[in-house]
Amino acid sequence: MSPTGEASQPIVIAGAGIGGLTAALALQRQGHEIILMDKAQELSEVGAGLQLSPNACSVLNDLDVLEALEPHAYAPERLRIWSGASGQQLAQVSLGSFIKNRHGHPFWVIHRADLQRVLLERATESPGITVQLSTEVQNIAASPYDGLACAFQNSEQTGSTNCKALIGADGVWSKTRQIVPSHENAQFSGQVAYRATVPMDQVSHKWALDSGLWLQKNSHLVHYPVRGGRELNIVALVEEDWQDQTWSTKADRETVLHVFKEWPTDIRNLIAAPETWLKWALCSVNASGPWSHGHMALIGDAAHAMLPYMAQGAAMAIEDAAVLANCLPLTVENIPAALREYERLRKPRAARIQGVAQRNAQIFHFSGVPAFARDTVLRLSNPEKLAARFDDIYGWSPEQ
Ligand SMILES: Cc1cc2nc3c(=O)[nH]c(=O)nc-3n(C[C@H](O)[C@H](O)[C@H](O)COP(=O)(O)OP(=O)(O)OC[C@H]3O[C@@H](n4cnc5c(N)ncnc54)[C@H](O)[C@@H]3O)c2cc1C
């Protein structure tokens with residue numbers, strides 16, 4: 001690419017999910033012009049709950065979006081851990097004010113659609129960011145005229161736009177990952193998630209304040225308030241051989257009740273509350289695989305989709321966006337080197353947290369003696385010490 005004119009070219013971001021939108025805002029702050037393309041016709045109300053730990057909130061605070069998110073978020077004071085076999089509480093983990101005081105930023109739970117909408121509103125009102133929906137990014141290649149061109153397909157045409165870099169933020173089934181030599185494809189984990197949200201007044205008041213984590217043989221269940229506390233998000237995770245690439249396959253209530261037939265009545269009542277459930281296959285992308293190639297790099301799930309057992313998928317995409325922008329000041333002279341540096345900085349942390357989530361998948365689903373040992377350790381644990389075990393995850397900030 002000729003150096004002349006490169007600085008004035010836009011950066012194309014493939015995917016206006018949580019990672020792509022955050023990257024657009026962070027890179028725009030560095031002075032770059034951004035074209036943000038998403039293949040979806042509209043960024044509609046899809047998804048359910050996400051956990052935004054302090055490491056993610058630290059980035060969102062730097063981007064001045066935390067205040068706009070606050071009315072949609074909920075800060076649970078604690079996570080209660082229960083036995084899905086006996087129905088008894090095993091332990092509590094301090095969240096709320098304990099985490100805020102310890103790390104300087106809140107621990108929030110939020111509906112994905114609320115987070116995406118607030119980020120999108122901020123992106124569309126930011127000069128220098130153009131959002132193009134119904135536009136699928138295909139590739140990046142040397143332009144026949146000068147520099148690089150990003151190929152895309154929309155409802156009317158196959159086109160291309162000149163750019164200085166392509167950021168692949170296109171999720172677990174990433175198309176842009178195919179550009180990276182020796183890339184690894186997403187792998188099905190053998191586990192699926194059933195998820196639903198239900199108005200808070202349709203469930204017992206006892207679930208309204210805290211987050212809950214229920215552990216059982218080969219399955220577990222998580223619930224927490226979203227939409228500022230007006231709805232309850234419920235995710236039931238089981239080992240099941242079912243593979244699908246969408247986020248919106250419907251499951252009926254009877255199916256979920258059947259899967260959880262041996263669970264305590266309290267939980268079966270909770271499962272019976274939502275009329276419809278969505279089902280999605282849990283997949284991961286090996287975080288130790290390659291993330292960048294020349295003028296393109298991957299962020300978020302495209303680079304390192306992980307099981308949701310540390311609730312860090314969205315947080316890692318948000319962290320990636322901040323580090324990427326720090327590596328790409330407007331004056332950057334060697335973009336491929338800057339993208340390699342981004343990959344070098346991010347990969348160990350993403351791979352480590354992916355590993356923690358993978359280990360939790362086993363621990364959460366223990367049965368027999370290992371489950372008894374796990375439950376005994378949890379019963380003897382102190383709520384603040386349990387929370388402090390995650391200091392290295394929650395205490396991260398972009399300056400590190
Ligand atoms: C519809 C949807 C619902 C979700 N619901 C939940 C949920 O309820 N709870 C939860 O914990 N996580 C959910 N997730 C996953 C969660 O958002 C991600 O794990 C996390 O936020 C990381 O985000 P990401 O930006 O890397 O990828 P994603 O959030 O997956 O975003 C990827 C985006 O890229 C777009 N895209 C894909 N291919 C292309 C292409 N070739 N060109 C242009 N655009 C492309 C997609 O339309 C999507 O908007 C959901 C993701 C999606 C896409």
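Analyst: In this predicted model, six strands form an open sheet in the order S7-S2-S1-S11-S19-S18, and their pairing is mixed. Strand S7 (129-132) and strand S18 (292-293) are the edge strands, each pairing on one side only. Strands of a sheet pair through backbone hydrogen bonds, in either the parallel or the antiparallel sense. For strand S11 (residues 165-168) and strand S19 (residues 296-298) the sense is parallel, over three bridges. Leu166 has Met296 in S19 as its bridge partner. Helix H10 (residues 335-364) packs on the sheet and touches S11, S18 and S19. The direction of helix H10 makes about 15° with that of S19.

Asp320 counts as buried because its relative accessibility is 0%, where the cut-off for burial is under 20%. Leaving aside residues up to four places away in sequence, Asp320 touches Trp291, Ile299, Gly300, His304, Tyr342 and Arg346.

Helix H2 (residues 54-62) is largely enclosed by the rest of the structure, because seven of its nine residues are buried. The buried residues in H2 are Pro54, Asn55, Ala56, Cys57, Ser58, Val59 and Leu60. Just after H2, Asp64 takes a positive phi of about 60°.

The aromatic residues complete the account. Across the whole structure, a search finds eight aromatic pairs. One of them joins Phe107 and Tyr394, with ring centres 5.7 Å apart and planes at 70°; the pair is therefore edge-to-face, since planes over 60 degrees apart fall in that class. This pair links distant parts of the chain, 287 residues apart: Phe107 is in the loop between helix H4 (96-103) and strand S6 (108-111), whereas Tyr394 is in helix H13 (residues 391-394). Phe107 and Tyr394 are both buried.

The rings of Trp207 and Trp214 also form an edge-to-face pair, because their planes stand at 70°, with the ring centres 6.0 Å apart. Trp207 is buried, with a relative accessible area of 4%, and Trp214 counts as buried at 0% relative accessibility. Together with Trp82, Trp207 and Trp214 form one aromatic cluster.

Conventions: Residues are numbered from 1 along each chain as its sequence is written. This is a predicted model: local features need pLDDT of at least 70, side-chain atom pairs count only at pLDDT 80 or more; totals for chains, interfaces and linings use all residues. Side-chain values use heavy atoms; hydrogens and water are left out. Buried means under 20% relative accessible area, exposed over 50%, partly exposed in between (1.4 Å probe, protein chains only). Contact means heavy atoms within 4.5 Å. Rings of Phe, Tyr and Trp (its six-membered ring) pair if their centres lie within 6.5 Å; planes under 30 degrees apart count as stacked, over 60 as edge-to-face and the rest as tilted. Helices (H or I, at least four residues) and strands (E, at least two) are DSSP runs, numbered from the N terminus. Two strands pair if DSSP finds at least two bridges between them. Axes are lines fitted to C-alpha atoms, for helices over the stretch in contact, and angles run from 0 to 180 degrees between N-to-C directions.
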